[in-house]
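Subject: Structure for you to look at

Hello,

Below is the structure I said I would pass on. Please open it next to this email, and read my notes after it.

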Amino acid sequence: MRTRPLNGIEKHRYLELYHRYLQYPKWKEELAGMKDTVQSPRAGKRGAGTGSATESLVIRREKLRKRCEMVEQTALQAAPDIYKYLLIGVTTEGATFEYLKALGMPCERTTYYRSRRRFYRLAAEKDL
């Protein structure tokens, strides 16, 4: 993996953020696959947890929704003009500048990388 630490963010903190946001597609997938209800427990079986399954589902769904929303809002804050491309760039492994440009990103290399650095700085400040 060839990642370069960013100015103003310690190397290991940057790598932590980098790997965290690569999980974004899985968060979205899990969130989309969650049902509104859970099946009733089978007779005679009791869960080890103290809360209901529905309560756990709601808590997990809300946690995932907030994570996704925070990533999206940070990308929007970092670069409103190229938000959707920046979001792909920071949440998809191997999404290079050339790949994003082929998707139709309307900016040049310097602008994109400046926006990407701003995204990670904002994320580090927010401690997402």
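In which helix is Arg121 found? Arg121 is in helix α6, residues 109–126. Helices here are DSSP runs of H or I with at least four residues, strands are runs of E with at least two, and both are numbered from the N terminus.

Some ground rules come next. The model is predicted, so local features need pLDDT of at least 70 and side-chain atom pairs count only at pLDDT 80 or more, while totals for chains, interfaces and linings use all residues. Residues are numbered from 1 along each chain as its sequence is written, and side-chain values use heavy atoms, with hydrogens and water left out.

Overall picture

The protein has six helices and zero strands. Along the sequence the pattern reads α-α-α-α-α-α. Of its 128 residues, 31% are buried. Buried means under 20% relative accessible area, exposed means over 50%, and partly exposed is in between (1.4 Å probe, protein chains only). The protein exposes about 8,900 Å², and carbon and sulfur atoms supply 50% of that area. Accessible areas come from the Shrake-Rupley method with a 1.4 Å probe, and for residues only the protein chains shown count as cover. Among contacts between residues at least 6 apart in sequence, 59% join residues at least 24 apart. A contact means heavy atoms within 4.5 Å.

A buried leucine

Leu100 lies in helix α5, residues 97–102. Is Leu100 buried or exposed? Leu100 counts as buried because its relative accessible area is 0%. Leaving aside neighbours within four places in sequence, Leu100 is in contact with Tyr85, Ile88, Gly89, Ala95, Met105 and Tyr112. Leu100 and Tyr85 are 15 residues apart in sequence, and their C-alpha atoms are 6.3 Å apart in space.

Salt bridges

Side chains of opposite charge can pair when their charged atoms come close. A salt bridge is counted when a side-chain nitrogen of Lys or Arg is within 4 Å of a carboxyl oxygen of Asp or Glu. How many salt bridges does the structure hold? There are eight salt bridges in the structure.

Helix α3 (residues 53–78) holds both Glu62 and Arg65, three residues apart, about one turn of the helix. These two form a salt bridge, with their closest N and O atoms 2.4 Å apart. Glu62 is partly exposed at 33% relative accessible area, and Arg65 is partly exposed at 34%. Arg65 also forms a salt bridge with Glu69, where the closest N and O atoms are 2.9 Å apart. Glu69 and Arg65 are four residues apart in helix α3, so about one helical turn separates them. Glu69 has 40% relative accessibility and therefore counts as partly exposed.

Arg109 and Glu98 meet through their side chains in another salt bridge, at 2.7 Å from N to O. Arg109 is partly exposed, with a relative accessible area of 39%, and Glu98 is partly exposed, with 46%. Elsewhere, salt bridges that share partners join Arg13, Glu16 and Arg20 into one network.

Arg13 is found in helix α1, residues 11–21. Its relative accessible area is 17%, so Arg13 counts as buried. Not counting residues up to four places away in sequence, Arg13 touches Arg20, Ala123, Ala124 and Asp127.

Charges at the surface

Which residues form a positive surface patch? Arg114, Arg117, Arg118 and Arg121 form it. Patches are made of residues with over 30% relative accessible area and no salt bridge; like charges are joined within 9 Å, and nonpolar side chains (Val, Leu, Ile, Met, Phe, Trp, Tyr) within 5 Å. Lys and Arg count as positive and Asp and Glu as negative, while His and the chain ends are not counted. Arg121 is partly exposed, with a relative accessible area of 33%.

Lys84 is in helix α4, residues 83–91. Lys84 counts as exposed because its relative accessible area is 51%. Lys84 and Glu72 are twelve residues apart in sequence and 8.7 Å apart in space, C-alpha to C-alpha.

Regards

Terms used:
Charge placed at Lys NZ, Arg CZ, Asp CG, Glu CD.
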